[in-house]
Amino acid sequence: MAVQLKRSNVAGTLSLTPLIDVVFLLLIFFLVTSEFEDEERQLDIVLPSATSAVPMTSKPREVVVDIDADGTVYLRGKATPLKELEQLLQKAVASNPTNQTVVIRADQNASFQPVVNVMDVCNRTGVSDYSVSTKDGPAG
């Protein structure tokens, strides 16, 4: 006995027109966007060279200021007077006017005055994002 299979009418009436429309729209979109990319490089320009060229704003680098138990201020492991620290922070702020951060690491036995002095230097140079580093754990 032969088995009869019924064919569905849904497959016969499926319209491919909307699918083709979407594919053509995507094709046009990609062609147009690639066209804009080429327009920027149509002019043959030889850029000038400079020996000290730097980007307009460099990646912000966190400045770490250390203060030992005697109240001496260190920057990059070197004892630094507050005037020199102020000059270095002014240069850092000039490179990154909105993103410059300073981390103040003070010894727990240091008096608070050197920390306040460094905070004052930060305020004078325009560094608003400074913080005092602490260690996790119980105080004692």
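In this predicted model, a polar side-chain atom of Thr80 lies 2.8 Å from the backbone oxygen of Lys78. Thr80 is located in the loop between β3 (78-79) and α3 (82-95); helices (H or I, at least four residues) and strands (E, at least two) are DSSP runs numbered from the N terminus. Leaving aside residues up to four places away in sequence, Thr80 touches Val73, Tyr74, Leu75 and Leu85, a contact being heavy atoms within 4.5 Å.

The structure holds one aromatic pair. Phe29 and Phe30 form this pair, which is edge-to-face, with 5.5 Å centre to centre and 65° between the planes. Ring centres of a pair lie within 6.5 Å, and planes over 60 degrees apart count as edge-to-face.

| Residue | Relative accessible area | Class |
|---|---|---|
| Phe29 | 47% | partly exposed |
| Phe30 | 54% | exposed |
| Thr80 | 6% | buried |

Overall, the protein has four helices and five strands, in the order α-α-β-β-β-α-β-α-β from the N terminus. Of its 140 residues, 19% are buried.

Residues are numbered from 1 along each chain as its sequence is written. Local features need pLDDT of at least 70 and side-chain atom pairs count only at pLDDT 80 or more, while totals for chains, interfaces and linings use all residues, and side-chain values use heavy atoms, with hydrogens and water left out.

Technical notes. Buried < 20%, exposed > 50% of the residue type's maximum accessible area, 1.4 Å probe, protein only. Phe/Tyr/Trp six-rings, centres within 6.5 Å; stacked < 30°, edge-to-face > 60°. Polar contact = N/O pair within 3.5 Å; in protein donor to acceptor, adjacent residues only side chain to side chain.
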